[in-house]
Amino acid sequence: MKDKLINKLTSKKASIGIIGLGYVGLPLALAYSKEGYKVLGIDQDQEKVISINEGKSFIKHIESSDINKALEQGLKATNEFSEIGNIDALIICVPTPLNSYKEPDLTYVIDSITSSIPYLKKGQAICLVSTTYPGTTEEELLPRIESEGLKVGKDIFLIYSPEREDPGNIDFKTGSIPKVVGGYTEDCLEVGISLFEKVIEKIVPVSSLKVAEITKLLENIYRAVNIGLVNDMKKIADKMDIDIFEVINAASTKPFGFKPFYPGPGLGGHCIPIDPFYLSWKSKQYGIYNHFIELAGEINTEMPNWVIEKTVSALNNSSKSLRDSKVLVLGVSYKKDVDDLRESPALTIIEKLLKKGAKVSFSDPNISSVNLKESSVLLESIKLTEESLSDFDVIIVVTDHTDFDYELIKRASKLIVDTRGVFDIEDGKIFRA
Ligand SMILES: NC(=O)c1ccc[n+]([C@@H]2O[C@H](COP(=O)([O-])OP(=O)(O)OC[C@H]3O[C@@H](n4cnc5c(N)ncnc54)[C@H](O)[C@@H]3O)[C@@H](O)[C@H]2O)c1
């Protein structure tokens with residue numbers, strides 16, 4: 001059974017099912033299509049299903065033309081799980097958020113496996129891609145699959161392989177990012193390798209599902225902790241009148257042992273602010289308290305308050321108060337050149353500014369409107385012109401999109417608070433935050 005599946009996978013005759021057609025699942029579906037595989041995309045979001053079947057992209061960095069090419073290649077999107085009976089390998093790329101207590105919320109993972117189970121058959125591979133704590137695949141997927149009489153490792157091949165997608169990074173495509181793969185048994189691992197080896201240039205096999213799961217968490221915790229470190233250093237540098245960006249650039253000239261991380265307005269996106277807490281939650285089951293994760297979380301979560309404080313003091317310098325000041329937030333997506341608002345610190349900053357009585361607008365070339373839940377306000381992105389910019393008392397650079405005209409911004413603005421080190425500090429006009 002294993003050899004037949006491996007044969008189908010490596011000869012590209014296998015059909016691949018992908019559950020969750022978002023930032024991770026859609027590029028993966030396109031990568032399989034590009035290599036000639038027949039792909040079935042399953043998503044519960046009917047709008048996404050329609051959009052894909054009509055060849056229209058809903059993600060900024062994914063071209064509609066690539067979806068159209070995949071459709072010609074046989075890609076089909078659906079919200080019908082019953083079609084799973086016809087596929088050879090199922091890849092699950094659904095969200096893994098935190099609940100309001102900052103604990104893992106596996107609802108989407110469990111829902112997607114539960115909906116698939118009635119249609120599973122012998123000889124299929126199931127691979128979880130969603131980021132999660134070590135133990136999830138074995139503790140949550142395996143018993144559910146086996147409850148229907150299928151034996152994992154014999155009838156069904158269970159794999160975990162995390163995604164390292166970096167949306168907006170044009171230097172790396174899905175296929176050029178090495179992929180860590182773990183299997184429940186040696187046979188599962190072998191199937192896992194053949195599942196990915198035709199679409200990903202380099203496969204990194206590891207000894208177990210747990211190793212693959214925790215590897216992804218280490219990567220993201222490493223980022224969260226290092227960003228927390230530079231955010232902390234930024235505060236002392238600021239008090240000492242030192243430009244932290246100059247310091248990081250100087251330190252980066254060290255040819256070994258130093259990797260630059262940059263401070264900012266706080267963490268955003270569906271990974272770095274969330275994933276570390278998957279591990280700290282699981283660690284408690286083993287009596288371990290992850291000090292680094294919690295500390296970095298505290299520091300990074302505090303950053304929007306620091307930005308507000310710096311904005312208040314910059315306005316104060318011009319004898320103005322934040323209340324009733326006209327504030328423009330530049331960039332609201334969680335990072336440069338993407339259209340993803342999830343967990344964006346810009347949203348926290350805007351909510352806090354509104355609460356303090358500021359009149360807030362925003363501009364973002366990738367986001368047309370923002371629905372602020374706490375204050376029940378809907379803001380529309382404004383166009384940046386000499387006139388519109390000069391109308392604001394202060395401009396806060398939150399996300400440093402490439403498409404902004406920084407010369408215009410500098411020329412036309414009265415006061416700038418820069419959280420990204422875009423501008424050099426200028427007495428009385430440009431402040432760091
Ligand atoms: N976005 C990133 O850059 C990134 C990078 C690496 C890893 N990840 C991880 O990948 C996973 C997916 O993240 P994403 O950013 O692609 O999420 P996303 O929200 O962009 O996409 C997930 C999709 O899954 C669909 N979905 C949810 N439950 C479903 C169900 N039961 N059945 C069918 N479809 C369902 C949603 O409708 C959505 O379209 C997460 O675990 C995330 O942590 C994300």
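A polar contact is a pair of N or O atoms within 3.5 Å. In this predicted model, a backbone N or O atom of V24 lies 2.9 Å from an oxygen atom of the ligand, inside that cut-off.

**Ligand surroundings**

The ligand is surrounded by 27 residues, and the closest are V24, D43, K48, T96 and R342. Helix α5, residues 107-116, contributes the most to this shell, with 3 residues.

| Residue (backbone N or O) | Ligand atom | Distance |
|---|---|---|
| V24 | oxygen | 2.9 Å |
| Q44 | nitrogen | 3.2 Å |
| V94 | oxygen | 3.4 Å |

On its own the ligand has 830 Å² of accessible area, and the protein covers 94% of this.

**Overall form**

The protein contains 14 helices and 15 strands. Its C-alpha trace spans about 75 × 50 × 40 Å along the principal axes. A compact globule of 433 residues would have a radius of gyration near 22 Å, so the 24 Å of the protein agrees with that form. The accessible surface comes to about 19900 Å², and carbon and sulfur atoms account for 51% of that area. Of the contacts between residues at least 6 apart in sequence, 66% join residues at least 24 apart.

**Interior**

Buried residues make up 53% of the 433 residues. In soluble globular proteins, nonpolar side chains tend to be buried together. Here the largest nonpolar core has 40 residues, and those with the most contacts inside it are I16, I18, Y32, I91, L195 and F196. Another core, of 37 residues, lies apart from it and has L98, L150, V152 and A212 among its members. Leaving aside residues up to four places away in sequence, I16 of the largest core touches L9, Y32, Y37, K38, V39, L40, I87, A89, I91 and L195.

**The site of T399**

T399 is found in the loop between strand β13 (394-397) and helix α14 (406-412).

Notes: Residues numbered from 1 in each chain as written. Predicted model: local features only at pLDDT ≥ 70, side-chain atom pairs only at ≥ 80, totals over all residues. Heavy atoms only, no water. Helix = DSSP H or I, 4+ residues; strand = E, 2+ residues; numbered from the N terminus. Core = buried A, V, L, I, M, F, W, Y, C linked by side-chain atoms within 4.5 Å. Buried < 20%, exposed > 50% of the residue type's maximum accessible area, 1.4 Å probe, protein only. Contact = heavy atoms within 4.5 Å. Rg over C-alpha atoms; globule rule 2.2 N^0.38 Å. Areas by Shrake-Rupley, 256 points an atom, 1.4 Å probe, with all protein chains shown as cover. Near = heavy atom within 4 Å. Polar contact = N/O pair within 3.5 Å; in protein donor to acceptor, adjacent residues only side chain to side chain.
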